[in-house]
Amino acid sequence: MAGIRLPPEDSDISQAARQVAAIDLISDDDRSIAADSWSIKSDYGSTLDDEQRQADAAEALSSAAYRAASDYSSDKEEPDAEAVSSMLGFQSYWDAAYADELANFREHGHAGEVWFGPDVMENMATWTKNVCLEISQRNFPNHVDSTNCLPAGQPEKDLSGWSILDVGTGNGLLLQELSKQGFSDLTGTDYSEAAVDLARNLAQRDGFPNIKFLVDDILDTKLDRKFQLVTDKGTLDAIGLHPDGPIKRIMYWDSISGLVASGGLVVITSCNNTKDELIQEVEAYNQRRNDGSREAGGNQDAAGRDAVFEYVDHIRTYPTFMFGGSVGSRVATVAFLRK
Ligand SMILES: C[S@@+](CC[C@H](N)C(=O)[O-])C[C@H]1O[C@@H](n2cnc3c(N)ncnc32)[C@H](O)[C@@H]1O
């Protein structure tokens, strides 16, 4: 399951990951060890089929955390936060990865890595559209539909009101998929300039010139507008792999809370956290905000709570597998409502 970390394997990579956790700069050697061992980079000349590469890519995020932590020999119940880190938590890693992908795009026209694979991406886009349609019907009292059956043309009308921000968009393919589902106000951001360059080129080539892409760090965002829907596929996972991951995850939720309009949605796809772990993280964030608000004398509801996000639903159709007696899926997608 997302969150079931695969068993540790002897590999150079855990050593490389620890080294990089200690410093903010990554040497070319470390980076190429990581890319080769984890199949992060698309291996265009390899005999690996796409499915295998996608499985490797998803495993990279989860096993990166696991391997670094597993090498931390201690009798503590929880590994130190510092130990759960890898080079995927650093911007320098992504800058180099997307510079390679951009070069491959220019030379061969390849789109690069589809994180977690095209099936997850398509599944996520269709599911997200359906959740948005449901929310639209619930939120807009003047909605003409009083049954569960939408009149012809209504879904497109409902979706046109949804502005979307995809944070850590990478090659931006998720936004292309959401555009195919009928969304039209689409923006992707990434802190890596090369990723944004790649995403723009791909969108132009593939016939999606309306999608906007901007360089922006979600932990220090310069965006000054709110969106109805914020999507994240693998970005919170990457942020959590920084040595300061726990603090950065709180900063992440702070930033997201300012970017989603009230009544809007956040849809997170992760391979490092289960659905339950994501819900717990959001509840802890709500609690923290609630405590802060109480100290500042803020307004609270009758129960004395100030929830920022509320769990809405999660994808139940990802393939599952059995590990250690538990059944789970490699990836979790969860939607939260911004109150
Ligand atoms: C695992 S990749 C996923 C990329 C893309 N969402 C996809 O599904 O293909 C993580 C992405 O998050 C981006 N990222 C990580 N930390 C970020 C931050 N603080 N601000 C913006 N982007 C970030 C990386 O540059 C990278 O593109």
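Leaving aside its neighbours within four places in sequence, with which residues is V230 in contact? In this predicted model, V230 is in contact with L165, V167, I256, L259, V260 and V266 once those neighbours are set aside.

**Overall composition**

The protein contains 11 helices and nine strands. Of its 339 residues, 45% count as buried. Among contacts between residues at least 6 apart in sequence, 73% join residues at least 24 apart.

**The nonpolar core and its strands**

V230 belongs to the largest nonpolar core, which has 70 residues. Together with I164, L229, L265, V266 and F336, V230 touches the most other members of this core. Helix α5 (residues 117–139) supplies the largest share of the core, namely seven residues. In soluble globular proteins, nonpolar side chains tend to be buried together.

Strand β5 (residues 260–270) pairs with two strands that are described here. Strand β4 (residues 227–233) runs parallel to β5, and six bridges join them. Strand β9 (residues 332–338) pairs with β5 in the antiparallel sense, also over six bridges. L265 of β5 is the bridge partner of L229, and L265 also stands opposite L337 in β9. Eight of the 11 residues of β5 are buried, so this strand is largely enclosed by the rest of the structure.

An α-helix has 3.6 residues a turn, so residues three or four places apart point the same way.

In helix α7 (residues 173–180), seven of the eight residues are buried, so the helix is largely enclosed by the rest of the structure. The buried residues are L173, L174, L175, Q176, E177, L178 and S179.

| Residue | Position | Phi |
|---|---|---|
| G109 | follows α4 | near 80° |
| F116 | loop between α4 and α5 | about 70° |
| G182 | just after α7 | about 115° |

F116 has its positive phi although it is not a glycine. With 26 C-beta neighbours inside 10 Å, F116 counts as buried, because 20 or more are required.

**T169 and its surroundings**

T169 lies in the loop between β1 (163–167) and α7. Is T169 buried or exposed? It counts as buried, because it has 28 C-beta neighbours inside 10 Å. Leaving aside neighbours within four places in sequence, T169 is in contact with L174, L175, G188, T189, D190, A195, A199 and F213. One of these, A195, is 26 residues from T169 in sequence, yet the two C-alpha atoms are 7.7 Å apart in space.

**The ligand shell**

Around the ligand there are 19 residues, of which W94, G168, G170, K233 and G234 come nearest. The shell divides into nine nonpolar, seven polar and three charged residues. Helix α9 (residues 235–240) gives the most to this shell, with three residues.

Methods:
Residues numbered from 1 in each chain as written. Near = placed C-beta within 6 Å. Helix = DSSP H or I, 4+ residues; strand = E, 2+ residues; numbered from the N terminus. Nonpolar A, V, L, I, M, F, W, Y, C, P; charged D, E, K, R; others polar. Core = buried A, V, L, I, M, F, W, Y, C linked by C-beta atoms within 7 Å. Buried ≥ 20, exposed ≤ 12 C-beta atoms within 10 Å, placed from the backbone. Contact = placed C-beta atoms within 7 Å. Pairing = 2+ DSSP bridges.
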